[in-house]
Amino acid sequence: MAQTIGSNNHTKAGIYRQRGRFILVATYVLLIPFYIFCGDFLKLCGQNKEVSEKTGYFVLLYSPGILMMAIVDVDKILLTNLDKTSHAMGCQILLPFIHVLLVWSLAIKAEMGTSGIALAFFISYFLVFLI
């Protein structure tokens with residue numbers, strides 16, 4: 001992507017960005033069965049039943065956050081190559097504050113526990129994606 005921007009071929013850089021997003025979404029779709037059956041897979045490996053169930057539930061809630069984080073990283077690389085680092089830097093400065101506030105409100109105040117933490121990851125990265 002950096003080479004296409006260096007040669008002022010912004011259209012091709014946009015195509016690379018869309019291609020990267022497509023590959024991320026396709027990979028995410030292929031991994032959905034793993035996310036859904038993660039708890040069962042851990043049980044088959046001989047892990048504790050209660051821990052396996054909680055881990056499977058956490059992974060299921062956390063997995064959309066993984067996708068959002070990957071898409072934000074693709075956009076961050078594009079913005080960095082375009083020398084528009086102030087936007088990416090602002091998001092990286094703002095993200096920890098949003099995330100800590102969400103974890104505190106969901107995991108502690110709403111007493112959601114690890115489910116609240118997984119939901120906070122998704123919401124914080126989704127907000128950065130929207131920004």
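I began with Glu111, which sits in the loop between H5 and H6. Helices here (H or I, at least four residues) and strands (E, at least two) are DSSP runs, numbered from the N terminus. The model is a predicted one, in which local features need pLDDT of at least 70 and side-chain atom pairs count only at pLDDT 80 or more, while totals for chains, interfaces and linings use all residues. Residues are numbered from 1 along each chain as its sequence is written, and side-chain values use heavy atoms, with hydrogens and water left out.

**Entry: loop residues with positive phi**

I looked up the backbone of Glu111 and found a positive phi of about 55°, although Glu111 is not a glycine. Most residues other than glycine have a negative phi. I also noted that Glu111 is exposed, with a relative accessible area of 70%. For these classes, buried means under 20% relative accessible area, exposed over 50%, and partly exposed in between (1.4 Å probe, protein chains only).

I then turned to Asp83, in the loop between H4 and H5. Its phi is near 60°, again a positive value in a residue other than glycine. Asp83 is exposed, at a relative accessible area of 68%.

**Entry: the chain as a whole**

I counted 6 helices and 0 strands in the protein chain. Read along the sequence, the pattern is α-α-α-α-α-α. The radius of gyration is 18 Å, well over the 14 Å that the globule rule gives for 131 residues, so the chain is more spread out than a compact globule. That radius is taken over C-alpha atoms, and the rule is 2.2 Å times the number of residues to the power 0.38. I recorded the span of the C-alpha trace along its principal axes as about 55 × 35 × 15 Å.

Of the 131 residues, 27% count as buried. The chain exposes about 8500 Å², and carbon and sulfur atoms supply 69% of this area. Accessible areas come from the Shrake-Rupley method with a 1.4 Å probe; for residues, only the protein chains shown count as cover.

For contacts (heavy atoms within 4.5 Å), I took those with a separation of 6 or more; residues 24 or more positions apart account for 60% of them.

I listed 10 positive and 7 negative side chains, with the centres of the two sets 8 Å apart. Lys and Arg count as positive and Asp and Glu as negative, whereas His and the chain ends are not counted. The place of a charge is NZ of Lys, CZ of Arg, CG of Asp or CD of Glu.

**Entry: helix H6**

The buried residues of H6 are Ser115, Gly116, Ala118, Ala120, Ser124, Tyr125 and Val128. Their cover includes helix H4 (49-81) and helix H5 (85-109).

I checked two leucines of H6 as well. Leu119, in H6, is partly exposed, with a relative accessible area of 28%. Not counting residues up to four places away in sequence, Leu119 touches Leu106 and Met112. Leu119 and Phe58 are 61 residues apart in sequence and 9.0 Å apart in space, C-alpha to C-alpha.

Leu127 also belongs to H6 and is partly exposed, at 34% relative accessible area. From Leu127 to Cys91, 36 residues apart in sequence, the C-alpha separation is 9.5 Å.

**Entry: helix H4**

I looked up Val72, which is in H4 and is buried, with a relative accessible area of 9%. Leaving aside neighbours within four places in sequence, Val72 is in contact with Tyr125, Val128 and Phe129. Val72 and Leu130 are 58 residues apart in sequence and 9.3 Å apart in space, C-alpha to C-alpha.

I found Ser63 buried, at a relative accessible area of 3%. Its contacts, beyond neighbours within four places in sequence, are Tyr28 and Tyr35.

**Entry: Phe37**

I ended at Phe37, in the loop between helix H2 (10-36) and helix H3 (38-44). Phe37 counts as partly exposed, at 49% relative accessibility. The C-alpha atoms of Phe37 and Phe97 are separated by 32 Å, the two residues being 60 apart along the chain.
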